[in-house]
Amino acid sequence: MGAIGSGSGSVIRNCIFEDFDDSISAVSAGGCFLLDCQFLNCSVTTAGLSVASAGFIEGCEFIGSDPPTNQGTFVHMSGSTIRNCRFSGGPIPRADFGDGISTLIGCTFEDTGNLRPDQVFFTVGQNNGYTFDSCVLANLASPTRPVIQAWNQNLILRNCTITGCTAAVFGWQQTSGRPPTQDATIRSSILWNNNIGSLFQLFLQTLIDWSTVQASTPGIGNLVTNPLFLNPAAGDYSLQRGSPAVDSSDSAAVPPDVTLDAAGNPRRVDDQAMPDTGAGPPPIVDRGAFEFQPPGPGFCQADLTTTAVPGSSGYGVPNGIVNNDGFFSYTSLFASSLGCGNAPGATRCPSPPDLTSTAIPGTPGYGILDGTLSSDDFFYSLVLFAAGC
């Protein structure tokens, strides 16, 4: 029966499951609610964590679990919703029973290590499929099999970030010898720094649009420009200031119930310092799982002073407002023979006038300090001033 059995409508909340090995399942819970639980170094041999028939999982972590066989899977899904969960270190979600689309929103799947040749990271039973919204798939390794296997249902990824993955095929439709019947879609997503043989196989139609893909890909609005992750070496795939992924996606593709990104920040945020190059109703959302959050009042680099009159009270003291005083103070610093030093932070100014590496929005280095005070910084200050940060 598994470590815990629970009927439809039951709620399991704030529980920790650690270091158990069960022959059938960790939790057998058809249609239950599994909230804010942790599964640490758990292993099963046949069914795995079963949340079927419209079950709901939110805020859970699955860490370090590695089912010992292909039949041993960590999450059974069928028509389930999984929201804001983290899977790290090898767990394999699986949907084997019943019909339905499993929906995953704001989830992170990372660091599987190498799956065995007979394993697939996401696999489903007959008439099952997946929809991913604002999810991160990072450092998944499936050298001989697809990362995601769908069966007679559409495979949809919207506003997802896929990076550091190795696979022969990313998405594959199980057809059992029949002609392909369903479509695969990637929209408003980032696929960067992967080693994937082919994105889709055996789907009736494939569509990739408004996405950042490392190789040139047919489709509307696709880019091959570096998305400028903030700190990918540390696993931070949020966007730097000036990323070409900012305000360049398809707002109409975001479902109404997806209001947050993978970090729990608002999904629809406009960066007034960046041009709107995407589609759909404003505010134009960003590509990938993370929405860039412009600095709030008091954090804008163009807010250099409270007054532009030297010697006056408040001169050189930021007040959280980008206005004429901040702009004229910057002009004075830019024109000064003394300048403010040649390195970010090495300055006698209250805020570095070295604001950017390039004044061209959407190019690498936009909004990133380079230690040099130049005309790029001056024109960048104009953009910030006009946008009001």
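In this predicted model, β25 (190-192) and β26 (195-201) each contribute at least two residues to the lining of the second largest pocket. The largest share of that lining, four residues, is supplied by β26.

**Second largest pocket**

- The volume of the second largest pocket is about 160 Å³.
- Its lining consists of L191, W192, N193, N194, I196, G197, S198, L199, V213, Q214 and A215.
- By class, the lining of the second largest pocket comprises six nonpolar residues, five polar residues and no charged residues.

**Largest pocket**

- The largest pocket holds about 190 Å³ of space.
- There are 15 residues in the lining of the largest pocket, and L230, S238, L239, Q240 and F292 are those nearest its centre.
- Seven nonpolar, five polar and three charged residues make up the lining of the largest pocket.

- Strand β29 (residues 229-231) and strand β30 (residues 236-239) run antiparallel and are joined by two bridges.
- N231 has D236, in β30, as its bridge partner.
- The two strands, β29 and β30, form a hairpin with four residues between them.
- Within the turn, G235 has a positive phi of about 80°.
- Residue L230, which falls within the range of β29 (residues 229-231), is among the residues nearest the centre of the largest pocket.
- S238 and L239, which fall within the range of β30 (residues 236-239), are also among the residues nearest that centre.

**Aromatic pairs**

- A pair of aromatic rings is described by the distance between the centres and the angle between the planes.
- The model contains 13 aromatic pairs.
- One of them is stacked, that of F17 and F39, because the ring centres are 4.5 Å apart and the planes lie at 10°.
- This pair links distant parts of the chain: F17 belongs to strand β3 (residues 16-18) and F39 to strand β7 (residues 38-40), 22 residues apart.

**Confidence of the model**

- The mean pLDDT of the protein is 78, and 73% of its residues reach 70 or more.
- Over residues 93-98 the pLDDT stays under 50, and the model has 35 contacts beyond four places in sequence for this stretch.
- Residues 341-351 likewise have a pLDDT below 50, with 22 contacts in the model beyond near neighbours in sequence.

How values were computed: Residues are numbered from 1 along each chain as its sequence is written. This is a predicted model: local features need pLDDT of at least 70, side-chain atom pairs count only at pLDDT 80 or more; totals for chains, interfaces and linings use all residues. Side-chain values use heavy atoms; hydrogens and water are left out. On a 1 Å grid over the protein atoms alone, a cavity is a set of points where a 1.4 Å probe fits but cannot get out, and a pocket is an open set with protein on both sides within 12 Å along at least five of seven lines; lining residues have an atom within 4 Å of a point. Grid points are joined across faces, edges and corners, and a volume is the space filled by probe spheres set on the points. Ala, Val, Leu, Ile, Met, Phe, Trp, Tyr, Cys and Pro count as nonpolar, Asp, Glu, Lys and Arg as charged, and the others, Gly among them, as polar. pLDDT is the predictor's confidence in each residue, from 0 to 100. Contact means heavy atoms within 4.5 Å. Two strands pair if DSSP finds at least two bridges between them. Rings of Phe, Tyr and Trp (its six-membered ring) pair if their centres lie within 6.5 Å; planes under 30 degrees apart count as stacked, over 60 as edge-to-face and the rest as tilted.
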